[in-house]
Amino acid sequence: MSSSSKMKEKLFNLAVSNVVSNAINVGLRLDLFKILSEISSEASPVLPEHLANAAGCKESSDIIFFQMYIREWCNCMACGGIIEVNEKEQFWIHVENVKDLLTNSLALVMIGSTPTLLEPFEKLIECFKKDGPYGLDYSEISKFQYFMGKMSQALHEKHVITDMLPDIGHGVVEKLETGGMRVLDVGCGGGSHSSLLAEQYPKAHFVGLEIGEDAIRQAKQRKTKSGAAFNNLEFIQCDAGKMPEIWTDSFDLVLIFDACHDQCRPDLCIREIQRVLKIFGVFAILEINSSGNVHNDRANMGSMAALLHGRSMLFFP
């Protein structure tokens with residue numbers, strides 16, 4: 001196959017993947033995978049109208065135009081290899097795939113969040129131009145923080161308490177359990193990490209810092225597992241590159257979960273962290289494990305490198 005033919009095939013496959021990915025997002029937003037898994041199986045597949053009825057959706061919206069939303073969604077998912085179909089055009093999800101389609105995995109969160117990154121697409125194009133703006137504002141992407149929170153939970157929730165904190169060392173776990181520690185979570189997003197830690201260590205005090213208004217609003221609504229309000233957790237809307245002056249030498253532990261690279265000025269953020277840490281305070285950062293050299297990243301990370309660089313391009317504050 002010639003180089004030209006290979007590129008044409010690659011581009012066509014990308015076009016297909018783009019459509020299938022967006023159709024998957026429709027299924028995620030409407031809980032179609034969950035409902036289909038509940039009402040069907042290989043032994044008992046269902047027609048599109050059965051899924052439409054169960055999901056409270058249209059199977060056909062007009063007898064003249066016959067726009068079959070659910071039917072075409074099922075057809076796309078089956079032809080894309082996401083769900084199964086038989087000769088009677090009945091559908092089901094293979095039992096081995098149910099968990100992957102219903103769990104907040106990194107892949108599904110990435111698929112679900114991509115349309116939100118494209119909301120300000122025309123403004124993004126202007127940012128590329130020499131006389132255009134220098135970046136997008138967080139408010140330009142209405143659901144960005146929601147999906148970032150889900151992504152953080154998918155990546156980190158199982159590991160923060162059991163793995164990350166013990167790996168930090170310096171007696172951090174023991175000090176958190178004893179109490180009296182003051183902890184700052186920089187770029188806290190919707191507050192998933194801060195609330196997880198605050199519930200685990202009720203004798204320590206936690207502060208979540210985030211620049212996004214929507215994220216802070218979400219964070220302030222967080223409750224304990226029992227539904228009670230936190231008494232050792234607060235959230236502040238603030239630029240990490242310019243923290244309150246009164247915070248100088250006030251934190252025993254500062255954490256950043258995958259958020260330093262999202263700062264407009266990461267250097268100023270790190271300087272501020274140095275200022276607000278106590279003399280013997282501890283700073284722990286979790287970041288993308290890349291080399292900083294795109295040639296090496298492509299070789300070592302494969303398609304993940306393209307995904308991360310692409311998402312960074314779509315939203316650079």
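Author: Gladly! Met7, Leu11 and Leu14 make a nonpolar surface patch of about 290 Å², and Leu11 is found in helix 1, residues 3-29. This is a predicted model, where local features need pLDDT of at least 70, side-chain atom pairs count only at pLDDT 80 or more, and totals for chains, interfaces and linings use all residues. Residues are numbered from 1 along each chain as its sequence is written, and side-chain values use heavy atoms, leaving out hydrogens and water.

Reader: What makes Met7, Leu11 and Leu14 a nonpolar patch?

Author: A patch takes residues with over 30% relative accessible area and no salt bridge, and joins nonpolar side chains (Val, Leu, Ile, Met, Phe, Trp, Tyr) within 5 Å. A salt bridge would be a side-chain nitrogen of Lys or Arg within 4 Å of a carboxyl oxygen of Asp or Glu. Areas come from the Shrake-Rupley method with a 1.4 Å probe. Met7, Leu11 and Leu14 are therefore counted as one such patch.

Reader: Which residues of helix 9 are buried?

Author: In helix 9 (residues 160-168), they are Val160, Ile161, Met164, Leu165 and Ile168; buried means under 20% relative accessible area, and exposed means over 50%.

Reader: How do you know on which side of helix 9 they lie?

Author: They cover an arc of only 105° around the axis, so they sit on the same side of helix 9. The arc is taken from the directions from the helix axis to the C-beta atoms. Thr162 and Asp167, on the other side, are exposed. Gly169 follows helix 9, with a positive phi near 75°.

Terms used. Patches are made of residues with over 30% relative accessible area and no salt bridge: like charges are joined within 9 Å, nonpolar side chains (Val, Leu, Ile, Met, Phe, Trp, Tyr) within 5 Å. Helices (H or I, at least four residues) and strands (E, at least two) are DSSP runs, numbered from the N terminus. Buried means under 20% relative accessible area, exposed over 50%, partly exposed in between (1.4 Å probe, protein chains only).
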